[in-house]
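Thanks for coming. I have one structure to show today, and I will keep to a single part of it.

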Amino acid sequence: MIEITNVSEYEALAKERLPKMVYDYYASGAEDQWTLKENILSFSRILFRPRILIDVSKIDITTSVMGFKISMPIMIAPTAMQKMAHPEGELATARAASAAGTIMTLSSWATSSVEEVDSTGPGIRFFQLYVYKDRSIVTQLVKRAEKAGFKAIALTVDTPRLGRREADIKNRFTLPSSLTLKNFEGLDIGKLDKTNDSGLASYVAGQVDRSLSWKDVQWLQTITKLPILVKGVMTAEDTRLAIQAGAAGIIVSNHGARQLDYVPATISCLEEVVKAAQGKIPVFLDGGVRRGTDVFKALALGASGVFIGRPVLFSLAVDGEAGVRKVLQMLHDEFELTMALSGCCSVSEITRNHIIADWDVPCPLARL
């Protein structure tokens, strides 16, 4: 097999290996997929201002997230139904994250349960939560995650309804019959029905609460002591409201460009959110991170760390746990090299002055 030298190379290989319905589900975005392209492209509109003749013989890329020391500011985002990619699914991802010394976020819609993921061994894990109409389900799920040693809740707030993903509609997407949404198996809502639409869109319409509001963020704090990260914030206004509602952190996210198309790339929203947070709570980013340079750019704009989604799915499809480990290792090595070549020896030394964005200059930088 040809040697893989960067994260993006896994996507084409995954496309060859996966059933079309599965690849399309993982790869596609909403509607015209403008934001999908933009999430990646926007990183190329930020350039470096490297500082030279700094002793970079020792580089420390470790950081702390929610009080947990991790090996690098690169974590795993929640992505649904990983056993469609590989038989070991989320269990392989959990082991890879643990081996890399970083955090994994488990999706509510995982094909492995919180207990199964816990049983893979030690590791710092967050649980991504969708709020169902039946709140007793939510309470049970949160309590199970807590008991299984999960350390934070990532509350997804951008999905009162599922975005229009046309590939899923064309493919009549549904979960393969051999798999279930393991966290809901005992509650009889672990299966997606076959529909003449996207089976997931129908499931969301039936189960997920469209009335979710800020008061529910406060309610969540009454049922758990775990810190709550609000995932899906893109504006200063919502950043201030999240802080008021008691959020412990924010994840700037557009759901991998799968919800509302024509929202800006997350890297383009990041600075607005960081400024509004005023250092009161940490701000993280997901969406479009494919290189160590992307990680550095996010940190320079004030992020405390980034989460990666699709690269995990594609590498999992190609090479299971080893694939996910390799993605994390490549991003680790690229990020460390970017720091050295920019003149930064620790994550705390990365500043806004290390980059120039095309919105910084009255005359936009030539689009290369």
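Predicted model: local features only at pLDDT ≥ 70, side-chain atom pairs only at ≥ 80, totals over all residues.

The starting point is a record. UniProt, in an unreviewed entry, lists Tyr 25, Arg 165 and His 255 under "binding site". Along the sequence these residues span 231 residues, but no two of their C-alpha atoms are more than 13.2 Å apart, so they gather at one spot. Tyr 25, Arg 165 and His 255 are also included in the lining of the largest cavity.

Take Arg 165. Where is it in the fold? Arg 165 sits in the loop between strand S7, residues 152-156, and helix H7, residues 166-171. Is Arg 165 buried or exposed? Its relative accessible area is 3%, and because the cut-off for buried is under 20%, Arg 165 counts as buried. Setting aside neighbours within four places in sequence, Arg 165 is in contact with Tyr 25, Ser 28, Gly 29, Leu 200, His 255, Arg 258 and Gln 259. Two names on that list, Tyr 25 and His 255, are also in the UniProt annotation.

Now His 255. This residue lies in the loop between strand S9, residues 249-252, and helix H11, residues 266-277. His 255 is buried too, with a relative accessible area of 11%. If residues up to four places away in sequence are not counted, His 255 touches Tyr 130, Thr 156, Asp 158, Thr 159 and Arg 165. With one of these, Asp 158, there is a polar contact between side chains, at 2.8 Å.

How many of the residues in S7 are buried? Five of its five are, so the strand is mostly covered. Ala 152, Ala 154 and Thr 156 point one way, Ile 153 and Leu 155 point the other way, and all are buried. Thr 156 has come up already, as one of the residues that His 255 touches.

What does S7 pair with? Strand S6, residues 125-129, pairs with S7 in the parallel sense over four bridges, and Phe 127 stands opposite Ile 153. S6, helix H6 (residues 135-147) and S7 together make a right-handed β-α-β unit. S7 is also joined by four bridges to strand S8, residues 228-233, and these two run parallel. There, Ala 154 has Leu 229 as its bridge partner.

That is the part I wanted to show.

Terms used
Residues numbered from 1 in each chain as written. Heavy atoms only, no water. UniProt positions renumbered as here; feature names shortened; annotations may be inferred. 1 Å grid on protein atoms, 1.4 Å probe; cavity = no way out; pocket = protein on both sides within 12 Å on 5 of 7 lines; lining within 4 Å. Buried < 20%, exposed > 50% of the residue type's maximum accessible area, 1.4 Å probe, protein only. Contact = heavy atoms within 4.5 Å. Polar contact = N/O pair within 3.5 Å; in protein donor to acceptor, adjacent residues only side chain to side chain. Pairing = 2+ DSSP bridges. Right-handed = clockwise from strand over helix to strand, strands pointing away.
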